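Q: I'm new to this one and would like to learn how to read it. Could you walk me through it, feature by feature?

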Amino acid sequence: MTLGVVVLAAGQGTRMRSALPKVLHPAAGIPLVEHVTRLADAVGAARIVLVLSADTLEPVRARLGERYQYVVQPERLGTGHAVQQARAALAGRADEVLVLYGADPLMRLESVRQLIEARRTTRALAAITTFTATPPAGYGRIVRDASQSIAAIVEERDATPAQRAITEVNQGVAVYAGAWLWPALDRVQPNRGNGEYYLTDLVALALAERGQGAVASIQLADPDEALGVNDRAQLAAVGAILNRRKVHQLLLAGVTVVDPASTYVDVDVAVGIDTILHPGTILRGQTRLGERCSIGPNTLIEDSTLGDGCRASYSVIEQARMDDGANVGPFGHLRKGAHLMENVHMGNFGEVKNATLGPGTKMGHFSYIGDATLGADVNIGAGTITCNFAADGKKYHTEIGDGAFIGSDSLLRAPVSVGAGATTGAGSVVTKDVPAGATAVGMPARVIRSASPAPEDEKPS
Ligand code: UD1
């Protein structure tokens, strides 16, 4: 069966009080609506159509790209009217049509599969999702007949006091037989109270047409799945639930999370087994951590890749890479383009930006390395600074060869290079290249000792 999906997202989102469209607000690292489009992708939709308001179309399209189709609902005339906007994209092209809400990111894939299955097995015209809400305020109430079949969905404003007391409510996600949906939608009349075209009126039309069994339903055991976002309090609540789910997944997958309540992990983050996340760890974006790492306490890692056995504590790591066994902190900062190769040790109060530190290199204390390439086993003394930013407003590069020893408080004025095995004295200001093996001291640094000549018996003949 070809499945088409309509994502309803033409709501105004005024209660967000935001310049950003509601559905683009992020939760657990991706926009609300992307949780929904990912769900539609995962359930195997052949076509996915987003219904948006005129002013949200472009920002949403810019974020989600051309994989999806976008239509505008010119006026907010109700959920039935919103689905109508997808007709040209889906009529005759989908055997069944699933309706999802763009700001409800918690529906689980298993539930949507169960819903689709419920309609297929009963050959119903529609299948709806219900749950128990206490209190049920704001939702359409589910009226069942004596045999417990769905008899109607009654919107709150149209409900009698007895109906208002019903706690089984319409969650909103529903699936319809494609051939039946579009002509049926034409028969939906505007509500007499508010002039809106209710999608939920399709239930009454299906029952009138085919009687009992025309509408199947599933009931969500977990009411959290029904939560949607209208304001920032709900955004925070939904974000917390997504985080709990993600942390729980990690726990089951072999990651130790010492304090789930203070650990925040975005949906796309991957963590290897036997890694420990200490309290206050925040893992964002496209971050990948290897096995046996120790992260935190109080560490933020964003869009970065760490190998196996890495350590980071009280540190901030952004768009950076650490290879196996590298460590940073406490109080380190890796910025964009920082690359610590195997077993690099970067201690307290270090900052690295757009620079590679070769395997085994050590910078224990108070250093800034920016726009630089350091070889293997370099020693960076406390307080070393690569002066990469010149008065002309440009950035220049520093090169340090394998095994070089940079004395404490050295200033390396780029562009400059320090050769392999060279030494700079404590407090030297290096403005000229230091040859391999040489020792340079002073301000500006001058070479006082060249590389020692090789002993006679080692000279090439
Ligand atoms: C709807 C259901 C109600 C259900 C509730 C669950 C109808 C008539 N009622 O209520 O039974 O309990 O959802 O949350 O369907 N939207 C548009 N265009 C519109 C109107 C709505 O795109 O003209 C979108 C909204 O952006 C949102 C979704 O449809 O994603 C639901 O709209 P909302 O106003 O929250 O729901 P209600 O219509 O109150």
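This is a predicted model: local features need pLDDT of at least 70, side-chain atom pairs count only at pLDDT 80 or more; totals for chains, interfaces and linings use all residues.

Q: Which strand holds Asp-371, and what is its phi?

A: Asp-371 sits in strand E30 (residues 368-374), and its phi is also a positive value, near 50 degrees. With a relative accessibility of 7%, Asp-371 counts as buried.

Q: Let's zoom out. How is the chain divided into domains?

A: There are two pieces to look for: domain 1 covers 3-226 and domain 2 covers 254-455. Their C-alpha centres are 51 Å apart.

Q: How do I read a helix, and why do the buried residues of H5 line one face?

A: Here's the general idea: an α-helix has 3.6 residues a turn, so residues three or four places apart point the same way. Now the case here. In H5, the buried residues are Ser-111, Val-112, Leu-115, Ile-116, Ala-118 and Arg-119. Looking down the axis of H5, you see them fall within an arc of 150 degrees, so they line one face of the helix. On the face turned away from that buried side are the exposed residues Glu-110 and Thr-121.

Q: What covers the buried residues of H5?

A: The cover includes helix H1 (32-42) along with several strands, among them E1 (3-9), E6 (96-101) and E7 (126-132). As for its length, H5 (residues 109-122) has 14 residues and reaches 20 Å from its first C-alpha to its last, close to the 20 Å expected.

Q: What does the side chain of Ser-428 make a polar contact with?

A: Its partner is the side chain of Ser-410, at 3.4 Å. Ser-428 is in the loop between strand E37 (423-424) and strand E38 (429-430), and at 0% relative accessibility it counts as buried. Beyond its neighbours within four places in sequence, Ser-428 is in contact with residues including Asp-409, Leu-411, Val-441 and Ala-445.

Q: Where is Thr-275, and which backbone nitrogen lies 2.9 Å from a polar atom of its side chain?

A: Look in the loop between strand E14 (270-271) and strand E15 (276-277) for Thr-275. The nitrogen belongs to Cys-293. Thr-275 has a relative accessible area of 0%, so it is buried.

Q: Which residues around the ligand come nearest?

A: Of the 18 residues around the ligand, the nearest are Gln-73, Gly-78, Thr-79, Glu-155 and Asn-170. Next, check the polar atoms. A polar side-chain atom of Arg-76 is 2.9 Å from an oxygen atom of the ligand. A polar backbone atom of Ala-10 lies 3.0 Å from a ligand oxygen atom, and a backbone N or O atom of Gly-11 is 3.0 Å from an oxygen atom of the ligand.

Notes:
Residues are numbered from 1 along each chain as its sequence is written. Side-chain values use heavy atoms; hydrogens and water are left out. Domain bounds come from an automatic or database domain assignment. Helices (H or I, at least four residues) and strands (E, at least two) are DSSP runs, numbered from the N terminus. Buried means under 20% relative accessible area, exposed over 50%, partly exposed in between (1.4 Å probe, protein chains only). A polar contact is a pair of N or O atoms within 3.5 Å; within protein, one must be able to donate a hydrogen and the other to accept it, and residues adjacent in sequence count only if both atoms are side-chain atoms. Contact means heavy atoms within 4.5 Å. The expected span of a helix is 1.5 Å times one less than its number of residues. The arc is that of the directions from the helix axis to the C-beta atoms. A residue is near a molecule or strand if one of its heavy atoms lies within 4 Å of it.
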